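Please read it alongside the sequence and coordinates.

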Amino acid sequence: MKSTLIPLVMLSAALAAPTQARAELKVGDKAPEVTGITETGQKLSFAEVYSKQAYTLVYFYPKADTSGCTAQGCSLRDAYEVLTKKGVVVIGVSLDQADAQKAFKEKNHFPFTLIADPDRTVVNAFGVPVKSVVGFGSFANREAFLIKDGRIVWADYHAKTDKQAEDVLAVIAGQPTG
């Protein structure tokens, strides 16, 4: 038991460590018009999604099928009906392969698209930091961006796991998040 706890503690500490300085997207910036690969292996043009929806939420998470990432996705899944009534389309992104994203989506019954980004195309376009943990691989920082009319209207650089949907709905309602 102890041998598995130490790597998990090391992984948690590494993911919580401060990230290096970067050129982050800010409110008002143009949203990246990048193309990603969905959990089914299909190409998805973010620009096309932006043009068809009132809002697009692009959220980044470290690793499919881990507790925090599952809580974040389930927050959005459980509020999905409310989010879609508000005109929000949800896209989740991690560095996982498409098969891992597909299994994660199916296991948790996520009604939204997941992007497999092992080559970091989407992560880099959004300026999301990636952390490498020896023996565990690389992980995108947990962040979220709400986009309207092709522009970032809200950026969450320390996205909460179980409150992601609540924060998005508060922003749309014009309330502060916290």
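Which residues of the largest nonpolar core touch the most other members? The points below begin with that matter.

1. Basis. This is a predicted model, in which local features need pLDDT of at least 70 and side-chain atom pairs count only at pLDDT 80 or more, while totals for chains, interfaces and linings use all residues. Residues are numbered from 1 along each chain as its sequence is written, and side-chain values use heavy atoms, with hydrogens and water left out.

2. Largest core. Phe46, Phe60, Val93, Val122, Val123, Phe126 and Phe145 touch the most other members of this 24-residue core. A nonpolar core is a set of buried Ala, Val, Leu, Ile, Met, Phe, Trp, Tyr and Cys residues joined through side-chain atoms within 4.5 Å. Buried denotes under 20% relative accessible area, exposed over 50%, and partly exposed in between (1.4 Å probe, protein chains only). Two or more residues each come from helix H2 (46-52), strands S3 (55-60) and S4 (88-94), helix H6 (121-126), and strands S8 (143-148) and S9 (151-156). Helices (H or I, at least four residues) and strands (E, at least two) are DSSP runs, numbered from the N terminus. A second, separate core has 22 residues, among them Tyr55, Val88, Ala159 and Val168.

3. Phe145. Leaving aside residues up to four places away in sequence, the contacts of Phe145 include Leu25, Phe60, Phe126, Ile152 and Trp154; contact means heavy atoms within 4.5 Å.

4. Helix H3. The 12 residues of H3 reach 16 Å from first C-alpha to last, close to the 16 Å expected at 1.5 Å a residue; the expected span is 1.5 Å times one less than the number of residues. Buried residues of H3 include Gly68, Cys69, Gln72 and Leu76. Their cover includes S3, helix H4 (80-85), S4, helix H5 (98-108) and helix H7 (164-172).

5. Positive phi. Asp65, in the loop between S3 and H3, has phi near 65°, a positive value in a residue other than glycine. Asp65 is partly exposed at 41% relative accessible area.

6. Salt bridges. The count comes to seven, where a salt bridge is a side-chain nitrogen of Lys or Arg within 4 Å of a carboxyl oxygen of Asp or Glu. In the bridge of Lys105 with Glu39, the closest N and O atoms are 2.8 Å apart. Lys105 lies in H5 and Glu39 in the loop between strands S1 (35-38) and S2 (43-45), so this pair ties together parts 66 residues apart in sequence. Lys105 counts as buried at 18%, and Glu39 is buried at 9%.
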